[in-house]
Amino acid sequence: MNKIFPSSLPPRVGRLKAGMAKQDVDVIISFKPENSFYFTGFNPIIYSHPVIAILTRDHDPIMLVHALRDDHGRASAWVPDIRLYGAWSTKVTMGPNWQDALASILGDLGVAAKTVGIEEEFISIQRLGQLRKALPDATFTDVSHLIDHCRLIKDPDEIAQARIAAKIADLGMDTAVETLAAGGTERDVAVASMHAMNRLWAENYPNVEVCDFGSLEGGVQNGLWTWVLSGPRMFFNCDNPTQRKPQRGEAASVLIWTIANGIHAENERTVAIGPLPEANKRAIDTILEIREEVDAIIRPGTPYRELFEKTREGLKKRGYGANIPGRIGHGIGLGAHEHSSLDANSPLVLEPGMIFTFEPNIRVPAVCATQISDTILITEAGREYLTRSAGGYLEV
């Protein structure tokens, strides 16, 4: 993983502490894999034992992990303060379970009986009960939105990883289009694309991990994904590629997610297999025109909803008023799909450091579909496309 030394904690730590002060939160205890990684730099891949990030307003982050994860955690995390719980061989720990260890740490920090921020969107009812039992005098408050808002602005180390993830995705897309041109099946295209991305990773990025965030029951060792949906399967949105061979006169969606040291990129293209029927061709041409119109206002200060409304206006003007999508993009970073959404109801405004996918699309049920997405960084001067593989009308 990309190491960050303790003397230079990333800006996100300061942003979250400022947010805690505004909301009168004394300590945050984070269990969600993406968030505990955000504040420690450690991803154990499988989360059968929780990794807990602890952050107070006047103390650097502390990581509490099971003794089983000790060696891996110390080799990966950028936090200097790592505490252990549980029992594993000769490891010396704070106690047999995370509840007792957590209560001890918060007691030493003087916050065990104060306002404790938790992720209500993530923790189970069972875990909430465990927390209430371990910290009987604490007042719990939800900080899910506070952390999500902090994650909207990417730090320099995160932007650097996003560029790597996007570069890998671009090669995956180029390879996918070439394999479609050679007449491959959905599965042929996916395998060739993922192989090319893995070769690029193996040969050029020795200090980059491509694992994704796992769960209590499994992990993701490799997050360089490509899947292909052709013909009527384009309406499935997400499915495992099959042995189906895209037919001449059909379109195929190539969808790619990549990850570099915890940060994702997305690259999606719609590829015509030979000349398309007029309805399909018109839909692709239309969405490409609308992308250019909306792209012109992607800059700091533009509200998310304005991007959506300009897309809606363009679709209605061209006769697709019945086919307005629910949104035209989403936040991306630690999650391939983060919570922020480019839709009509978003209160957010574009700021430098934000990364999101730009993917206005058309779906006419049973007739045609488009799926074109790029990963975009908002800069001080405007925007930067992180994914840069060939766009426009693609026909093979």
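Reply: This is a predicted model.

Me: Where is Ala265 placed, and which residues is Ala265 in contact with, leaving aside its neighbours within four places in sequence?

Reply: Ala265 belongs to strand β9. With neighbours within four places in sequence left aside, Ala265 is in contact with Ala162, Ala165, Ala166, Ile256, Trp257, Thr258, Ile332 and Thr375. Sequence and space can also be set side by side: Ala265 and Gly335 lie 70 residues apart in sequence, and their C-alpha atoms are 9.3 Å apart in space.

Me: Which strands form the open sheet with mixed pairing?

Reply: Four strands make up that open sheet, in the order β7-β8-β9-β15. The edges are held by β7 (225-230) and β15 (394-395); each has a single partner strand, so one side of each is left without a neighbour in the sheet. Helix α8 (residues 186-204) packs on this sheet and touches β7 and β8 (251-260). The direction of α8 makes about 160 degrees with that of β7.

Me: In which sense do β9 and β15 pair, parallel or antiparallel?

Reply: Strand β9 (residues 263-272) and β15 pair in the parallel sense, over two bridges. Look at Ala272, which stands opposite Glu395 in β15. Glu395 also turns up in another contact: Pro275, in the loop between β9 and α9, is in contact with Arg248, Gly249 and Glu395, leaving aside neighbours within four places in sequence. Pro275 and Leu377 are 102 residues apart in sequence and 34 Å apart in space, C-alpha to C-alpha.

Me: What should I look for in the side chains of a strand?

Reply: In a regular strand the side chains alternate between the two faces of the sheet. In β1, Val27 and Ile29 point one way, while Ile28 and Ser30 point the other way. All of these residues are buried.

Me: Which residue is the bridge partner of Ile28 in β5, and which residue in β2 does Ile29 stand opposite?

Reply: The partner of Ile28 in β5 is Gly117; β1 and β5 run parallel and are joined by two bridges. Ile29 stands opposite Ile54 in β2. The pairing of β1 with strand β2 (residues 52-56) is antiparallel, over four bridges.

Me: Which residues of helix α5 are buried, and which are exposed?

Reply: In α5 (residues 125-134), the buried residues are Arg127, Leu131 and Ala134. They cover an arc of only 70 degrees around the axis, which puts them on the same side of α5. Ile125, Gln126, Arg132 and Lys133 are exposed on the other side of α5. The buried residues of α5 pack against β1 (27-30), α4 (98-109), β5 (115-118) and β6 (139-142).

Me: How is a pair of packed helices described?

Reply: Two packed helices are described by the angle between their axes and the distance between the axes. Take helix α1 (residues 11-22) and helix α6 (residues 144-152): their axes come within 10 Å and cross at roughly 145 degrees. The crossing of α1 and α6 is right-handed. Arg12, Arg15, Leu16, Gly19 and Met20 in α1 meet Leu146, Ile147 and Cys150 in α6. Sorted by class, this contact has five nonpolar, one polar and two charged residues.

Me: At what angle do the axes of α9 and α10 cross?

Reply: Helix α9 (residues 278-295) and helix α10 (residues 304-317) cross at roughly 145 degrees, with their axes coming within 10 Å. This crossing is right-handed. On α9 the residues are Ile287, Ile290, Glu293 and Val294, which meet Leu307, Lys310, Thr311, Gly314, Leu315 and Lys317 in α10. By class, the contact has five nonpolar, two polar and three charged residues.

Me: Which strands form the open sheet with antiparallel pairing?

Reply: Three strands form it, in the order β10-β13-β14. β10 (355-358) and β14 (383-385) stand at the edges with a single partner strand each, so one side of each is left without a neighbour in the sheet. On average, neighbouring strands of this sheet are turned by 35 degrees against each other, direction ignored. Strand β13 (residues 374-378) and β14 run antiparallel and are joined by three bridges. Ile376 stands opposite Tyr385 in β14.

Notes
Residues numbered from 1 in each chain as written. Predicted model: local features only at pLDDT ≥ 70, side-chain atom pairs only at ≥ 80, totals over all residues. Heavy atoms only, no water. Pairing = 2+ DSSP bridges. Contact = heavy atoms within 4.5 Å. Axes fitted to C-alpha atoms, helices over the stretch in contact; angles between N-to-C directions. Left-handed = near helix turned anticlockwise from the far one by under 90°. Nonpolar A, V, L, I, M, F, W, Y, C, P; charged D, E, K, R; others polar. Buried < 20%, exposed > 50% of the residue type's maximum accessible area, 1.4 Å probe, protein only. Arc of directions from axis to C-beta.
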